[in-house]
Amino acid sequence: MKRILKGVEPDFFTEWKNATIPTWSENPKDWDWGELKNPEKDRLREILFEEQGFICCYCNRGLQGILTKMEHFFPKQADKYPSKMFDYDNLLIACHGGEKDLRPRFLYCDATKGDKEPPLISPLQTDCESYFHFTTTGNIKAKNNDANSVSTIALLNLNNQKLIELRRTAIDTYIEICMEDTQTDEEFEQNMRGVVEDLKQRQDGKFAPFCTAVIGAFQYYLNP
């Protein structure tokens, strides 16, 4: 999980809400998410993509080339948090959560969260990244067996076999990069530190897929 810095709500979205919601009802339980249509919905989706650096809000899988969902961190259902249905700070972009994968199919992220209560660790938290660490084999673990972290991993099913394999592939790729033209352990570790610093930054507006897993695994290797 990588921290998401939410920006200011786009003017066009504010204008759409001001013009549309009052015609429905003052009661949020009567609101209908399905009434948000294009072009506003596509414009909003693109802004959320850019805001997150084109990675999933939960697993940090790359979002380009796969189906995505506009995610409500606090579920929008009438018996949950309907007043947050059109709250910009509650809107994120998630991957398809394995729903479009061929068998064997593992569900994760929003596909397992659904309309359940939100995870106890939020990608909007300043320190969300500090609650987890990653192994070089691609596993995500709760630091110090923190109960909130354990619950979050379970709710989002972040340790399913599909994500473990994807994270391990990303980590192995960067390990190979670090090994290129390396003669000593010191050079290898220096390369790892360079990769960590590079992955903290966006390249052309995008974060590298599973950047948090690679950073976490390398930091754990360097400082077990």
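The largest cavity is lined by M1, Y58, C59, F134, I140, L158 and R167, where a cavity is, on a 1 Å grid over the protein atoms alone, a set of points at which a 1.4 Å probe fits but cannot get out, and lining residues have an atom within 4 Å of a point. The space in the largest cavity is about 30 Å³, a volume being the space filled by probe spheres set on the grid points, which are joined across faces, edges and corners. The structure holds 1 cavity of 30 Å³ or more. By class, the lining of the largest cavity has 6 nonpolar residues, no polar ones and 1 charged, with Ala, Val, Leu, Ile, Met, Phe, Trp, Tyr, Cys and Pro counted as nonpolar, Asp, Glu, Lys and Arg as charged, and the others, Gly among them, as polar.

The model is a predicted one, in which local features need pLDDT of at least 70 and side-chain atom pairs count only at pLDDT 80 or more, while totals for chains, interfaces and linings use all residues. Residues are numbered from 1 along each chain as its sequence is written, and side-chain values use heavy atoms, with hydrogens and water left out.

Helix α4 spans residues 147–156, and its buried residues are S149, T152, I153, L155 and L156; buried means under 20% relative accessible area, exposed over 50%, and partly exposed in between, with a 1.4 Å probe and protein chains only. On the face of α4 turned away from the buried side are the exposed residues A147 and A154. The cover over the buried residues of α4 includes α3 (110–113), β3 (132–134) and β4 (140–142). Helices (H or I, at least four residues) and strands (E, at least two) are DSSP runs, numbered from the N terminus. At the start of α4, a side-chain oxygen of D146 comes within 3.2 Å of the backbone nitrogen of N148, and just after the helix N157 takes a positive phi of about 50°.

Turning to the pockets, a pocket is an open set of grid points with protein on both sides within 12 Å along at least five of seven lines. The largest pocket holds about 300 Å³ of space. Among its 14 lining residues, E129, F132, K143, G216 and Q219 lie nearest the centre, and the elements that give two or more residues to this lining are β3 and α7 (211–222). Helix α7 supplies the largest share, 5 residues, and the lining of the largest pocket as a whole has 5 nonpolar, 5 polar and 4 charged residues.

The second largest pocket has a volume of about 190 Å³. It is lined by 14 residues, of which M70, E71, H72, K76 and D110 lie nearest its centre, and α2 (40–52), β1 (68–72) and α3 are the elements giving two or more residues to the lining. Strand β1 gives the most, with 4 residues, and the lining of the second largest pocket divides into 3 nonpolar, 3 polar and 8 charged residues.

A last stop is A170, which lies in helix α5 (residues 161–179) and is buried, with a relative accessible area of 12%. Not counting residues up to four places away in sequence, A170 touches P209, F210 and V214, contact meaning heavy atoms within 4.5 Å. A170 and G138 are 32 residues apart in sequence, and their C-alpha atoms are 8.6 Å apart in space.

Notes. Polar contact = N/O pair within 3.5 Å; in protein donor to acceptor, adjacent residues only side chain to side chain.
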